[in-house]
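Morning, everyone. Today I'd like to talk about aromatic rings. Please look at the sequence and the model as I go.

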Amino acid sequence: KVQLEAALAVVMNLSALNRAILEVAMKKDADARETLKLLADEDPRKWYMTAILESRAMNLGGAAAYLNQCFMIDPEYEFRMLRDGDISDDVKETWSFTYGAF
């Protein structure tokens, strides 16, 4: 367990992106929100992970808006969203109704 924790610390400290990905994966949402602020606004991953956090918080409109921001930068993320269990069906439907269609 000690080796796993040490390895996790090393990977998390390599970059803000690594830290954000792991914090989102480990459901450390408050920490992830702060770390995501460090990513460039041009990075679609920033907006996609923020949408995941908003989905968890049941903020359907906010999550849909962040997804739309992500898709404007990289439309390929729309295909990821369709299969992603971290984005609720309600958020997917809200995005579809508000911004686009599947």
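**Aromatic pairs**

A search of the whole structure turns up three aromatic pairs. Rings of Phe, Tyr and Trp (its six-membered ring) pair if their centres lie within 6.5 Å; planes under 30 degrees apart are stacked, over 60 edge-to-face, and the rest tilted.

A word on the source: this is a predicted model, where local features need pLDDT of at least 70, side-chain atom pairs count only at pLDDT 80 or more, and totals for chains, interfaces and linings use all residues. Residues are numbered from 1 along each chain as its sequence is written, and side-chain values use heavy atoms, leaving out hydrogens and water.

Take W47 and Y66. Their rings are stacked, 5.8 Å centre to centre, with 10° between the planes. W47 is in helix 4 (residues 44-56) and Y66 in helix 5 (residues 60-73), so this pair ties together parts 19 residues apart in sequence. Helices are DSSP runs (H or I, at least four residues), numbered from the N terminus.

Buried or exposed? W47 is buried, at 14% relative accessibility. Y66 is partly exposed, at 29%. Buried means under 20% relative accessible area, exposed over 50%, partly exposed in between (1.4 Å probe, protein chains only).

Next, F71 and W95. Their ring centres are 5.1 Å apart and their planes at 90°, so this pair is edge-to-face. F71 sits in helix 5 and W95 in helix 7 (residues 89-98), 24 residues apart. F71 is buried at 8%, and W95 is buried at 4%.

Notes. Helix = DSSP H or I, 4+ residues; strand = E, 2+ residues; numbered from the N terminus.
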